Amino acid sequence: MNILEVRNLHVSVMNKPILRGLELHLKPGEVHAIMGPNGSGKSTLANVLAGRGDYQVTAGEILYQGQELLSMAPEDRARAGLFLAFQNPVEIPGVSNVRLLKEAFNAHQRYRRLPEMDAMAFRAYLNERTKSLELSEDWLLRPVNAGFSGGEKKRNELLQMMVLEPHLAILDEIDSGLDIDALAKVAAGINALRDTKRSMLLITHYPRLLEQVPPDKVHVLIGGQIVLCGGLDLAGQLEERGYGWLF
Amino acid sequence: MNDSTVVASAISRSYKHGFVTSILSDTIPEGIDEGVIRLISSKKREPEFMLAWRLAAYRHWLGMIEPHWSSVRYPPIDYQGISYYSSPFADNQDSIALEDVDPALLATYEKLGIPLDERLSLAGVAVDAVFDSVSVATTHQKKLAQLGILFCSMSEALREHGALVQRHLGSVVPSGDNFFAALNAAVFSDGTFCYIPPGVRCPMELSTYFRINAARTGQFERTLIIADQNSYVSYLEGCTAPQRDRHQLHAAVVELIAMEGAEIKYSTVQNWYPGDAEGRGGIYNFVTKRGECRGDRSRISWTQVETGSAITWKYPSVILRGEGASGRFHSVALTNHHQQADTGTKMIHIGRHTSSTILSKGISAGQGHNAYRGLVKVLAGAQGARNHTQCDSLLLGAHCSAHTYPCIEVKNHSAKVEHEATTSRISEEQLFYCQQRGLASEAAVSLIVNGFCQDVLRELPMEFSVEARKLLEVNLEGSVG
Ligand SMILES: Nc1ncnc2c1ncn2[C@@H]1O[C@H](COP(=O)(O)OP(=O)(O)O)[C@@H](O)[C@H]1O
Ligand SMILES: [Mg+2]
């Protein structure tokens, strides 16, 4: 069974059609890349999958783990293992990273009818997971994304993903704004989370990330439709030739 | 679901302290005149000077008019329609052994989470429990007395420590200070008295828990805290009332006095009944709170979390008289449905090198109305005075409002006064971010609001910051459709 099936998806924003008959099929354990020029609708797809308001689905359907996704509340999608690493993670002043993480983790636990973790147990669980990200000591006590650099925000998204262990992770430009070193760390983090059951959708402009996290498929999104599918070589071609020849 | 429906459904509230205790009470007939004041004074068997003080205040009050300069709006208060004294005890019985207290009364406090039996009470917190017009129990008194700390009801203080009370009562808030303070001076029935001797650091939190139970009564309590030289005390007050259709008046006065090198931390978690979703019922909370940093290097801080009342009108202030004295005001005020809050502070810099900090967080939801009103006054002699003020407002929904009325008067050119203010709406982006991490929308609203208030909440003593967080959550809770 596919973990995700998007069939003939049409989405408008403020009555302007953005996605126009998008098709996408993802199997468990697969990593797909979605590439495309600015404004082609990549984030729109990510947001619709996560259940954000302000997007009108005018036609099509989405199945997630065989279930009708569009009728689910955003928090239920999250608890069912759908995770979105935001292109622009928002700041939440006064709320520490550890507090959000713990509340989120325990919401997942309740949904799975597993016991909640207290502060001590959760700290231990976190420490195990966060070593690889080389976060500074005070990271967990800092307010969510407040005053974070672009790169720090992206690493924070990855940290949340490590803690919540989703079945389907949508990473919206997780590589943008990262220097070479930071990119390597983020790529290593993503690879560490790759396994036979977890699927990922990597949204990116650049093949750099894909060279380090080789996808099973590369889709090119232009004008609200997937216009081309291929392997990693397609990403290289796009870097050389741009998107112009595909219009 | 869009932003406004999430917010609207997440903020409908349920008031958990709205029950009524059935208890026989000694309630005097509604109305106010000199006879009523004499009656209250005689019921309390107070020293002679108090009756004279009350009558003078009453005569002064008769000549005053109710103030309407604030932004709160309400129908005229009928001062003859209020009973000014209600006691759960029989006539002339003003204190009672805990064993003899009506079990219904003890059960009330248990239900509120404030057990009056010392063996069950929170470790490290001494409580004075005020029920309608009288103090029903004061815990841990003996232990405190060993350190020379006086912690008792105002009635007891007037009988046992009359001279000390007489010396300080009204020295910070004079009996004719303002309309509501004058009314309080005339009819106040009980409250808490604390005295911390020189050099003593009070080893536990002192607290008063105010409960209005009887219908058609007002609660008029008066609290006086004196911290003698180089002493320290942290004090907390909490308050609740039953759910009733009629508005009830609460007009309290709190006076704080900090001598040289002393520090008083005064925290309030105010959860009076706020009225229902249509604005019926609820407490009118008109309170005068003022502290005086009388001695050099003395410190007073007010921390308040105001989530209840139909109307909140209070401006906990600090008179910074001593050299190097410091005053702080930290406030969270939440207004939902038809609640109105006009609150803030006054920092009066008289002494040299005095400093003050003001941090105000206003949250408006539903059709709530929230105003910050502040005065920072630096007198000519206050060389090197400093103030920093930060006022932040958070709006939840489209029908609420927030206003800021800061007033700054500086008569000394070496003073440094800074003011910052922000107003923001709870953002759909923040809500969605939290939901995408698995939080239900009401948990998301509560988390974001908590974050907004964090800098104030962390000023509260540990036990109470937990309570305050829960209270904010409860007052924001509701079913999400
Ligand atoms: N919330 C929104 N409000 C208005 N326009 C939007 C919104 N989200 C996306 N759009 C529009 O939809 C189109 C696709 O945007 P987006 O999905 O962000 O593209 P990409 O992520 O591929 O750069 C753009 O024209 C953008 O302006
Ligand atoms: Mg995008």
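Predicted model: local features only at pLDDT ≥ 70, side-chain atom pairs only at ≥ 80, totals over all residues.
Residues are numbered from 1 along each chain as its sequence is written, chains are lettered from A and ligands numbered from 1 in the order in which they are written, and side-chain values use heavy atoms, with hydrogens and water left out.

I then turned to other contacts of ligand 1. A backbone N or O atom of K42(A) lies 2.8 Å from a ligand oxygen atom, and a side-chain N or O atom of T44(A) lies 2.5 Å from an oxygen atom of the ligand. Alone, ligand 1 exposes 550 Å², of which the protein buries 66% (areas by the Shrake-Rupley method with a 1.4 Å probe).

For the shell, I found 13 residues around ligand 1, the closest being G39(A), G41(A), K42(A), S43(A) and T44(A) (a residue counts if one of its heavy atoms lies within 4 Å). Helix α1(A) gives the most, with 3 residues (helices are DSSP runs of H or I, at least four residues, and strands runs of E, at least two).

Lastly I looked at strand β6(A), residues 82-85, which pairs in the parallel sense with β9(A), residues 168-172, over 4 bridges (pairing needs at least two DSSP bridges). Within this pair, L82(A) stands opposite L168(A).

Note on methods. Polar contact = N/O pair within 3.5 Å; in protein donor to acceptor, adjacent residues only side chain to side chain.
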